[in-house]
Structure formats: structure tokens, C-alpha cells
Amino acid sequence: MTALADRTSGDLATELADVRQLARGFFEKEVAPHREEFAAAGRPSREVYRTAGSLGLLGMSVPEQYGGGGGDFRHEAVLFEEQVRSGDSAMQLGVHSGIVPHYILAYASEEKKQQWLPKLCSGEWIGAIAMTEPGTGSDLQGITTRAVRDGDDYVVTGGKTFISNGAHCDLIIIAAKTDPSAGARGLSLLVAEVSDDTDGFHRGRVLHKIGQKGQDTAELTFDGLRIPATNLLGGGSGAGRNDQESQEGRGFAQLMQQLPQERLICGIAAAAMIDAAVAQTVEYTKSRSAFGKTLFDLQNTKFELAECATIGRVVRTFVDDAMAQHISGTLDVTTAAMVKYWTTDRQFEVVDRCLQLFGGYGYMEEYPIARMFVDGRIARIYAGANEVMKDLISRSL
Ligand SMILES: Cc1cc2nc3c(=O)[nH]c(=O)nc-3n(C[C@H](O)[C@H](O)[C@H](O)COP(=O)(O)OP(=O)(O)OC[C@H]3O[C@@H](n4cnc5c(N)ncnc54)[C@H](O)[C@@H]3O)c2cc1C
């Protein structure tokens with residue numbers, strides 16, 4: 001495995017290596033020992049977010065003036081790589097740190113940035129983004145949650161499902177229709193500050209998933225939830241404009257601008273999981289005897305792992321290239337869709353092939369390869385199903 005720090009140079013490489021060491025220690029000491037406790041509870045503790053915040057691991061690419069680390073997306077990527085390496089799937093750091101703060105940075109007013117970002121970066125608050133509804137997921141134009149202007153507020157009514165961090169979240173970016181007759185231009189993003197006793201807000205059950213058992217994926221209901229009109233994410237240009245009055249209907253464009261980063265996170269996680277799967281399978285097959293030699297000595301095992309390692313190298317190269325584009329501000333929707341679908345498909349393939357080499361042990365939950373199989377399966381579905389990615393790509397052809 002070639003760590004991100006090894007693929008950069010100079011001061012940045014040193015910085016990323018330090019972040020990696022810090023993140024590795026965090027997951028090993030603060031998160032991994034609680035894996036079964038979080039899985040049984042169906043959610044991680046709030047404390048692990050606060051600890052991550054106190055270590056400076058949240059919002060690493062958020063400017064320091066808003067309580068962030070002042071780095072760039074490569075710093076965040078190291079955190080995501082280390083989380084996958086550690087085998088943790090309870091914290092939803094991609095959403096909390098890699099997605100939610102970036103919508104606020106790009107589209108919220110200065111006042112709201114000052115109000116929200118420090119709390120997310122410290123881990124005092126946990127963030128969520130609620131797009132999917134029981135009746136619509138891939139087809140975001142089909143969203144039926146309504147936000148109706150009433151004086152200085154919007155009144156939000158509707159239901160969301162599959163929302164990561166749904167049981168814990170204190171801040172939610174809600175995708176809602178402000179004008180149901182306007183198609184894609186009728187969609188807006190509103191930021192709600194919520195707690196368990198917020199009027200018009202109800203957390204549903206934490207959903208029982210086949211993997212990511214320690215992650216609180218939940219249903220949310222809005223039943224007349226009042227959100228100040230100033231919480232509308234107003235600007236569509238990424239310039240953080242504050243002219244909310246005239247900026248309803250920007251939600252779809254904002255999603256299109258931000259989704260490439262979300263899809264790149266999937267690619268980063270896929271590359272890290274492939275590396276982890278291959279490394280663990282090499283170690284296991286070299287330690288298990290069969291037919292008078294080790295499993296690794298069987299030609300099939302060597303060929304399988306040689307192919308998986310090669311896939312890992314190609315995935316890594318593709319993701320690094322996309323990362324370089326993202327850092328320079330040129331990662332386009334098509335390339336991000338290619339990265340998302342192709343790397344997560346390869347992740348699924350490699351983990352499955354590696355699991356096979358573990359024999360029956362690969363089917364046992366206490367083996368990390370088994371957990372990778374179930375935890376990673378969702379990567380081909382969320383952040384836009386891979387079929388939707390191919391549809392997006394085809395539009396560029
Ligand atoms: C663990 C987990 C966490 C999640 N976290 C969040 C979250 O934090 N916030 C949030 O808003 N959502 C979240 N989701 C929802 C996720 O993004 C959706 O499940 C996903 O977008 C697919 O939507 P859907 O489930 O409604 O499937 P559907 O839209 O019903 O699609 C079902 C299948 O149909 C096929 N399909 C759909 N559209 C097309 C097309 N155009 N062309 C070809 N085939 C197509 C695909 O195979 C797709 O998988 C999460 C889901 C899970 C399971």
C-alpha cells in the first residue's frame with residue numbers, strides 16, 4: 001500500500017504523514033475497542049466525534065477562521081483512508097466532515113458559517129444531509145418534501161429515509177421543494193438545527209442494515225419544522241452569497257456542484273479497502289497450510305492476489321489523478337461518476353475474491369474480510385447508484 005503522504009512531496013508529505021499517524025492512533029485507541037458496543041447500539045457514541053474534533057481530525061479542509069484545520073481535501077482523504085484501514089464503519093465521517101461543511105462553506109452566509117462550522121469541526125455537533133425519501137432516491141427531481149415560506153421562516157413537511165447520522169445529527173441539510181411546479185429548479189437546500197425536542201422534527205428508527213451495523217442510518221420526519229429563511233443555502237456559484245431572498249431553487253445545481261467530492265470520497269474508500277483486503281489476504285494465505293504448503297503457494301492463490309494487487313494499483317492511480325483534478329478545481333461530473341462507479345465495482349470484486357481465499361473463515365464476522373464484504377457493499381448504491389453514474393457518463397459521449 002502506498003500511503004497518500006508517500007505520493008506527495010515536501011512539507012505536505014510530512015504534514016499528511018503526521019495526520020495519518022494521528023488518525024491511525026485515533027481509530028486504534030478510541031474507536032476500534034468500541035466496535036461491538038457501537039454495533040449493538042446501532043450508533044457510535046457522540047464522544048468519538050468530540051475526540052476526533054479535539055484532535056483536529058474533523059473539518060481538516062475547512063479554513064481555520066471557522067474552526068477547521070486550514071488544509072485541503074488531501075488531509076481529509078488521509079482520514080478516510082485510515083478509517084477504512086482500521087475497519088471502522090460506525091462513524092460517518094464522509095458525511096460529517098467531507099460533505100456537510102462544504103455545502104455550508106460554499107453557499108451559506110458569513111454569519112451562518114461562523115455559527116455552524118466551528119461546532120461541526122469540534123465534533124460538538126454532528127452533521128447530516130437528507131435527500132433520499134421513501135418514494136425517491138436516484139430520481140432527486142421526485143422529492144416531495146415541501147418547504148413553504150411563512151414570514152421569516154420556511155415550514156418543512158415530509159419524510160426522509162436512509163439518512164446517515166440520522167440518530168445523532170444536530171444539523172441537517174434538507175433537500176426540499178420550494179416550488180413543486182418548477183421541476184429541478186424548484187429544489188432548495190435548507191439547513192435545520194435540530195435536537196430531540198425540536199417541534200416538527202422526529203427521528204425514526206435506526207434502520208437494520210446488513211453491514212455498517214454501528215452506523216446510525218435513520219428515517220427522519222418533518223411535520224411543520226420551522227427553519228429560519230436565512231438558513232436557505234442561497235448562492236449557486238460557490239461564492240457563499242447572502243442574497244437568500246432571490247436564491248430559492250438552487251438546490252439541484254448545488255448538489256451537482258458538490259456531488260463530485262462525495263463521489264471522490266467513495267473512490268478514496270474503495271482504494272483503501274482494496275489495499276486492506278489484499279494485504280490481509282496475503283498475510284492469511286501465507287500463514288495457513290494446506291496440501292503440504294501454504295495457501296499462498298498454490299498457483300491459483302498467487303494469481304488471484306497478483307490480479308487483485310494490480311487492480312488496486314490501477315484504482316489508486318485513477319483516484320490519485322481525480323484527486324489532483326479536485327485539488328486544482330477541475331474535477332468534472334463525468335470523471336467523478338467514472339471514479340465512483342468503477343472503483344466501487346472493483347472494490348466489491350476484489351473483496352469477494354479475497355474472501356474466497358479465506359475459505360469458511362471469510363464468512364465469519366470476526367474476520368475483517370467478512371465485514372469488508374458487507375460494510376462495503378453499499379458503496380455501489382449510495383452517493384448515486386452505479387447505474388446512475390453510467391447514465392451520467394453516457395451524457396458526455
Ligand atoms: C447505508 C446507507 C446510507 C445512506 N446515506 C444517505 C444519506 O446520508 N443521505 C441521503 O440522502 N441518502 C442516503 N442514502 C440513500 C442512497 O443514496 C440511496 O439509497 C441511493 O441513492 C439509491 O436510491 P434508492 O435506494 O431510492 O434506489 P432507487 O432509486 O429506487 O434505485 C434502485 C436501483 O435501480 C437502478 N436505477 C435507479 N435509477 C437508475 C437509472 N437512472 N438507470 C439505470 N438504473 C437505475 C439502480 O440499480 C438502483 O440501485 C443512504 C443509503 C444507505 C443504504
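Predicted model: local features only at pLDDT ≥ 70, side-chain atom pairs only at ≥ 80, totals over all residues.

How many residues surround the ligand? The count is 18, and the closest are Met131, Thr132, Ser138, Phe162 and Ser164. Three of those names come back when we look at polar atoms near ligand nitrogen. Thr132 places a polar side-chain atom 2.7 Å from a nitrogen atom of the ligand. For Ser164, again with a polar side-chain atom, the distance to a nitrogen atom of the ligand is 2.8 Å. Phe162 takes part through its backbone: a polar backbone atom there is 2.9 Å from a nitrogen atom of the ligand.

Now the helices. For a packed pair, the description is the angle between the axes and the distance between them.

Take H7, residues 251-287, with H9, residues 333-357. The angle is about 20 degrees and the axes are 8 Å apart. An angle under 35 degrees counts as roughly parallel, so H7 and H9 are roughly parallel to each other. The crossing of H7 past H9 is left-handed. Sorted by class, this contact holds 17 nonpolar, six polar and three charged residues.

On the H7 side the residues are Met273, Ala276, Ala277, Gln280 and Thr281, and they meet Pro368, Ile369, Met372 and Gly376 of H10. By class that gives six nonpolar and three polar residues, with no charged ones.

The last pair is H4, residues 73-86, and H8, residues 299-327. Their axes come within 10 Å and cross at roughly 145 degrees. H4 contributes Phe73, Arg74, Ala77 and Glu81, while H8 contributes Arg316, Met323, His326 and Ile327. Which classes make up this contact of H4 with H8? Four residues are nonpolar, one is polar and three are charged.

Methods. Residues numbered from 1 in each chain as written. Heavy atoms only, no water. Axes fitted to C-alpha atoms, helices over the stretch in contact; angles between N-to-C directions. Helix = DSSP H or I, 4+ residues; strand = E, 2+ residues; numbered from the N terminus. Contact = heavy atoms within 4.5 Å. Nonpolar A, V, L, I, M, F, W, Y, C, P; charged D, E, K, R; others polar. Parallel < 35°, antiparallel > 145°, perpendicular 65-115°, else oblique. Left-handed = near helix turned anticlockwise from the far one by under 90°. Near = heavy atom within 4 Å. Polar contact = N/O pair within 3.5 Å; in protein donor to acceptor, adjacent residues only side chain to side chain.
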